[in-house]
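Could you walk me through this two-chain model, starting with the overall build and ending with a few single residues? I would like to follow along with the structure open on my screen.

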Amino acid sequence: MVGITKRFPGVVANDDVNFEAAEGEVHALLGENGAGKTTLSNILTGLYRQDEGEIELYGEQVRFHSPRDALDAGICMVHQHFRLVEPFSVAENVVLGDHRGEARRIVVHSSAIENRVEELSSRYGLAVNPKARVWQLSVGEQQRVEILKALYREARILIMDEPTAVLTPQEAEALFGTLRAMAEEGKTVIFISHKLHEVKAVADRVTVLRGGRTVATVDAEPATLRSLAALMVGREIDVARPLEQPRRLADVRTLEVDGLTVAGDRGEIAVKDVSFAIREGEIVGVAGVAGNGQRELAEAVSGMRDIRAGSVRIAGRRLRGGDPREAILAGVGHVPEDRLGTGLAPSLSVTSNVVIKTYRRRSFSRGPLLALRRMREAAVGIIRRYDVKTPGPGTPVRNLSGGNLQKLVLGREFEDDPLVLVVAQPTRGLDVGAIETVHSYLRDAAARGVAILLMSEDLDEILALADRILVVYEGEIVGELQAGAASIDEIGLLMGGGASE
Amino acid sequence: MKLERRLEQPWWLSVAVPLGSLVVAFGIMAVILAATGHDPVETYREILDAAFTGNGAFSATFISATPILFTGLAAAAAFRMQLFNIGAEGQLYLGAVGASWIALQLGDRSAASTPLYVVAMCVAAGLAGALWALIPGVLRAFARTNEIITSLMLNYVAGLLLTYLIFDSSSYWRDTSTLQARAFPQGKPMPEASNWPTFGSEVVVPLGFVIGLATALALWVLYTRMRFGFEVGVIADSPRAARYAGMRTRRKILSVMAVSGAIAGIGGASQIGDFTYTLDGSTTGLQAAAFGYTGIVVAALARYNPLAVCLVAVLIGGLQNAGYTLQGPDFPSGLVGVMQGIILFCALGGELLFRYRLRIRRRSSAQGASGPAVEPAR
């Protein structure tokens, strides 16, 4: 790919990017969130068309008009969020959208497909039952189905977009093995990531993107984590976390969770007999691979989900559970994982969303009538204090960017002076600048005495913010570590259920 | 050529789009009229005359507009919360049943005060309509059934109930006083004092229409200035956000259905008090008028804004009224229906343009070959 440029309204996502990968190599595309990695791969897979630049495949210039063109050219991508049909079987998903030979017949000859899938999965070490339904599979297994899809189509180039975000360190190791095996067969694997050690572990060469431009292409072997990090962020940084003095905390237990058991969406037990406490001003991080009960725990504390057994106490007051209003009144703030849709009503204005929890209070209503002017003033105040970029308080929040949405949610929750703040994936999808801001807001809140329960799939985030870390695995707390003493390896092992082995 | 979602909807569009839709509708209709051998200009002049400008036209238009004003408001009230109450039809029947019952009861006790009758009839009709609407409401709130289907089915039940009360039973509503009435079933006539007053002499405005206007204003205040409306807005936009914010969604479903049903019910009271002065059980009368369904069209054209419902109700009422005048030997009633259909069709098409922007551009010239207009993924 030579001189690729792609502009979106307001941003240049790719600016004169050059990228080349050889047959039989694992080539990593490294860069921070927003560096243009995903845009570049979307151009290569025909989802976007470049504004400028050329793409050459095996020496031939190509122009993709649709994703199908790219598929026909042998390029497959495994997206961060899987493109699978949950009620269908693995084999059905594998042939879905494939328009050659076997899959094209009106009657799908499933046993032939299943045999082929089985053969491929044993050859590349992708253990998965072709007859299983996708919804029954773990996230790691679903990812294997995505890779099988690419193999079945005889892809020559496989793009993996942040494949390890949903995996335990051990599952990631297995994935790396598969990718190496594919490369040895002469396929090209493009591995998109912002995690240095992974890139170092799996790639032959590394191309670093920063701010939409190519910074360098280097061999992985001689590169060090430090040198890669420097290329990625544009300056020398300390890879290790700066050691912090443990903060002194008052001995007031603001949030007490005792023997909490919560059911998941399908009625299964998602949180099992969990007990912990958070003190005033303390940030407790919950680490774990996605889907191990973090979401259910957050929802139970914030009243969004029924409590099956056990108790949640806010400043000594016990919640009945399953009632968000009760939790709000008890002083629980909640920054949900799903900002737009749960945390905010997308089509409503900034003003409406600012008062969405507090419109009942005396400050915003006189009897059944709303005090529209005061609502607007409150919104203007939050916009100013939390630096929310919006054309005005009347704008529908759907038009705001991810970072500004999160600032709006945080601002609203902080303004209500909560005792406890439940924060889920606060920086997912945000750019570096916004992440910094969100982190500093959370630290400020803790400094003011708010007890914060932080759920994050990003271990670095938990290490950067938390005073104490709880590791969950299959709905249970399998480890508790003081932030200063925790190492990534140790947490990783616990996240994968390593404690029980 | 493609459609793009509008990020913001300028206020003038909400006026320009419906007007534009009407113009387009009349344009298409002109072609059909010409093709079937009618002079479009002459026909439109007749319509205008019969609906608005002619002698007594406005009085006739108000008569047509009154019931669909109520059902339009009923639909708007529920649809604003994405609660699709299609049952205004049945709720209106039940309102008529309730209003006629209380009027007959008061008549039996020889009450003579018209204001008493009006208030009692509205209350009884509102209650009856609300209770009828609460059946799909409760099912929706507690059993998660689809309110579109349940409320629609209950319309047929309500229609059969109406027929049963007058034709198939010797109910309290049926007139059995004379031999003729026993042979040809009909409802009891309402007491004289229960007939609602009208306003004006040149243009006659029925009391029901005035009550409808007041209801529209109240509904507008409720939905734009009160906590009730704020909650409805949040629930409509995102039920998850509503739950997150601690709103009582079930309770709101029940109250919105009750409000919607009550408004439709009062429309039934207005039918009794303003126009028919008896409970009409025949399948060719109240049941054939389809006020409830027309009300859905009215609400959609008014984009669920109660104040706009008033305007649209008068407009559609005028068209219906003109339809009665137009149809005759050389103007089949089917053509009137076609016209109303085209107007609806264009209005719904216009709705699309309100939310989306049509962008026309040349096909992939050298510079214009950019990717699909999706958000930048990073």
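Predicted model: local features only at pLDDT ≥ 70, side-chain atom pairs only at ≥ 80, totals over all residues.

Let's begin with chain A. Its secondary structure comes to 17 helices and 22 strands. Along the principal axes, the C-alpha atoms of chain A fill a box of roughly 70 × 50 × 50 Å. A compact globule of 501 residues would have a radius of gyration near 23 Å, and the 24 Å of chain A agrees with that. Of those 501 residues, 46% count as buried. If you take the contacts in chain A between residues at least 6 apart in sequence, 66% of them join residues at least 24 apart.

Now turn to chain B, where you will find 15 helices and four strands. The radius of gyration of chain B is 23 Å, close to the 21 Å from the globule rule for 378 residues, so chain B is as compact as a globular protein of that length. Its C-alpha trace spans about 85 × 60 × 35 Å along the principal axes. Buried residues make up 44% of the 378 residues in chain B. Among its contacts between residues at least 6 apart in sequence, 77% join residues at least 24 apart.

How do the two chains touch? On one side there are 22 residues of chain B, and they are in contact with 35 residues of chain A. Two elements of chain B give two or more residues each to its side of this contact, namely α9 (227-237) and α10 (239-244). The largest share comes from α9(B), with six residues. Sorted by class, the side of chain B that touches chain A has 11 nonpolar, five polar and six charged residues.

Next comes the interior. In soluble globular proteins, nonpolar side chains tend to be buried together. The largest nonpolar core in this model has 245 residues, and those with the most contacts inside it include Phe191(A), Leu454(A), Met121(B) and Val309(B). The element that gives the most to this core is helix α3 (residues 57-79) of chain B, with 13 residues. Apart from this core lies another, of five residues, among them Ala50(B), Ala51(B), Ala322(B) and Leu326(B).

Leaving aside neighbours within four places in sequence, Leu454(A) is in contact with residues including Ile283(A), Val284(A), Val423(A), Ile462(A) and Leu465(A). In the other chain, Val309(B) lies in helix α14 (residues 306-326) of chain B. Is Val309(B) buried or exposed? It is buried, with 31 other C-beta atoms within 10 Å. Val309(B) and Ile68(B) are 241 residues apart in sequence, yet their C-alpha atoms are 9.1 Å apart in space. Beyond its neighbours within four places in sequence, the contacts of Val309(B) include Leu69(B), Leu73(B), Ala76(B), Ala216(B) and Val298(B).

After α13(A) comes Asp387(A), whose phi is positive, near 55 degrees.

That brings us to the backbone. Most residues other than glycine have a negative phi. Ala315(A) has a positive value, with phi near 45 degrees. You can find Ala315(A) in the loop between β14 (309-314) and β15 (317-318) of chain A. Ala315(A) counts as partly exposed because it has 15 C-beta neighbours inside 10 Å. Gln425(A) also has a positive phi, near 45 degrees, and is found in the loop between β19 (420-424) and α15 (432-447) of chain A. With 23 C-beta neighbours inside 10 Å, Gln425(A) counts as buried.

Note on methods
Residues numbered from 1 in each chain as written. Chains lettered and ligands numbered in written order. Contact = placed C-beta atoms within 7 Å. Nonpolar A, V, L, I, M, F, W, Y, C, P; charged D, E, K, R; others polar. Rg over C-alpha atoms; globule rule 2.2 N^0.38 Å. Buried ≥ 20, exposed ≤ 12 C-beta atoms within 10 Å, placed from the backbone. Core = buried A, V, L, I, M, F, W, Y, C linked by C-beta atoms within 7 Å.
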